[in-house]
Amino acid sequence: MASQQSRCHSFSSASRLQPQTSVTMDGSFLTEDKSTQKHKLPQKQRTLPYREIFEFFIEDFKTYKPLLSSIKNAYERMLAHQRETIRALEPLKAKLVNVNEECNERILAMRAEERHEISLLKKEKMNLLKLIDRKNEEKISLQSQVTKLRKNLAEEYLHYLSERDARKILIADLNELRYQREDMSLAQSPGIWGEDPVKLTLALKMTRQDLTRTQMELNTMKANFGDVVPRRDFEMQEKMNKDLQEQLDSLRASYEEVRKEHEILMQLHMSTLKERDQFYSELQEIQRTSTPRPDWSKCEDVVAGGSERWKMLAEGKNSDQLVDVLLEEIGSGLLREKDFFPGLGYGEAIPAFLRFDGLVENKKPSKKDVINLLKDAWKERLAEEQKETFPDFFFNFLEHRFGPNDAIAWAYTVFENIKLFRSNEVMSQFYAVLMGKWSENVYITQKKTVAQLLKEMTNADSQNEGLLTMEQFSTILKSTFPLKTEEQIQELMEAGGWHPSSSNADLLNYRSLFMEDEEGQSEPFVQKLWEQYMNEKDEYLQQLKQELCIELHEEVTLPKLRGALMSIDPSLDKQTVNTYISQAFQLPESQLPEEGDEKEEGIVEILQTALERLQVIDIRRVGPQEPEPTS
């Protein structure tokens, strides 16, 4: 105890000589010496002396050694954990800086684009304002012309009024002079005194009455027509006024159009500003919440074959399709690593060709070998009579090809491959038929359609050169597919290589449209035929559902389904209708009641189930769709 007190005394005296220190929460010691704060050392070197002093305390104070040791260990673990956390967060910090820079660049680009659009809108606005000013100036000029013409018309009117008054005065003076001259001539004429004065007086009286009446008629005519201008001048002024009025109306209409366009542009400008603000907010929200788009180039090092094969696989595919491709590549690698498959047992839900208990050997064929095997199976299926179901035929085909001992192994191997490679056309179609998602008649009918189309093109190729003009190509498509719309025909022509800039005289190598690559993938033309066929089937079933006017979970009777089929496709024959109804209600055609039989009402099925069953078979429109009546 005395030794401990002496050591404490020595440590306390040493502490007076050294700068004052304090222990922090992380187990290090902080010194209050200002010179030490100015020359900062790395954290580990700064804490080293204090750690050694703390160890001396632990060794000297035997009584508190366990407590001090546990405190030291706790701080050491915390420091180690924090150092690991800092090292883990360093890459994230760099990635965050890169993402921030990319987002800032995108925002700057969007702002530059918006400034460019705003400058264009401002220029267009200034041009429209200048146009409005010019129209206003023209309007003012025309108004001044109309005012001037009205002023000239008023002056002419006053001039004609003064002329009329002067003419009246002149006529009165002329009449007065004429009367005086007559009186003088009567007074000077010697022969007049010899006549009867009474007769002369009467004649003079009658003459004066006639003169008065004529004067009154003349005054009446002057009063009625004094303000009338010559017809030629009137027509001239009327024509000029009409022309000016038409010009004024035209200018008003132009002004109104310009004003409306200006209002529309202002509304468009305001909506553009709102959309810009909305898009900017959405961008901010997306940048805050969304994850970055995947860098698909990283897959080049993972996919077998390197960058060249990945570029070939990724060409023309979107992100969703690239995910499928990547999953197929990963799945194919895992499939090659498997030596055995676990048997699925003998349950009723297990397909007949997969019923087996125990381990099944993985034959590990290449993708090309599986495709060739499926093509051989289709050739043999098309060559024989279809007496057995397709799954039974497939297993019998494998037994015949590989023997009974290896048939089940090849069945599992082929099944796992076609289930994995859904993007491959041959495998996906075979899988759909094998699992009952398609009737094999769907595949067979479509193949016959493609073969018939190739035959029509070959017949049209009189020179047997493998070439057709675009006009011949279009004619053959329209004759082979009379129910397709103009839009569908154009889609097929574009898939075949036609462009809007092409002329009808351009030649097309039609044989290349029906070729397949080594993996059985068809050309875009044949793929477009399949796509249109599936879309037409979906549209046909949708029309059937709309014609029934019931919900999917409700029941549909046999007569109602028959009537709906005949309503949407009146060209259906009785045999085809019975085939569709037999599939929808899962009844043999021989057991279907006759049309109008009372037993029909007792046959019902859920609509969704019936439509799913019809989706399996080759159901399509037979005749043209009737146009909807126009009101």
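User: At what angle do helix α16 and helix α19 pack, and how far apart are their axes?

Analyst: This is a predicted model, in which local features need pLDDT of at least 70, side-chain atom pairs count only at pLDDT 80 or more, and totals for chains, interfaces and linings use all residues. Residues are numbered from 1 along each chain as its sequence is written, and side-chain values use heavy atoms, with hydrogens and water left out. Helix α16 (residues 524-548) and helix α19 (residues 607-616) pack at about 155°, with axes 11 Å apart.

User: Why are α16 and α19 called roughly antiparallel?

Analyst: Angles under 35 degrees count as roughly parallel, over 145 as roughly antiparallel, 65 to 115 as roughly perpendicular and the rest as oblique. The angle here is about 155°, and α16 and α19 are therefore roughly antiparallel.

User: Which residues of α16 meet α19?

Analyst: Contact means heavy atoms within 4.5 Å. Among the residues of α16 that meet α19 are Met534, Leu541 and Leu548; those on the α19 side include Leu607 and Val616.

User: What makes Lys364 partly exposed?

Analyst: Buried means under 20% relative accessible area, exposed over 50%, and partly exposed in between (1.4 Å probe, protein chains only). Lys364 has 39%, so it is partly exposed. Lys364 sits in the loop between β4 (359-361) and α9 (367-383).

Terms used:
Helices (H or I, at least four residues) and strands (E, at least two) are DSSP runs, numbered from the N terminus. Axes are lines fitted to C-alpha atoms, for helices over the stretch in contact, and angles run from 0 to 180 degrees between N-to-C directions.
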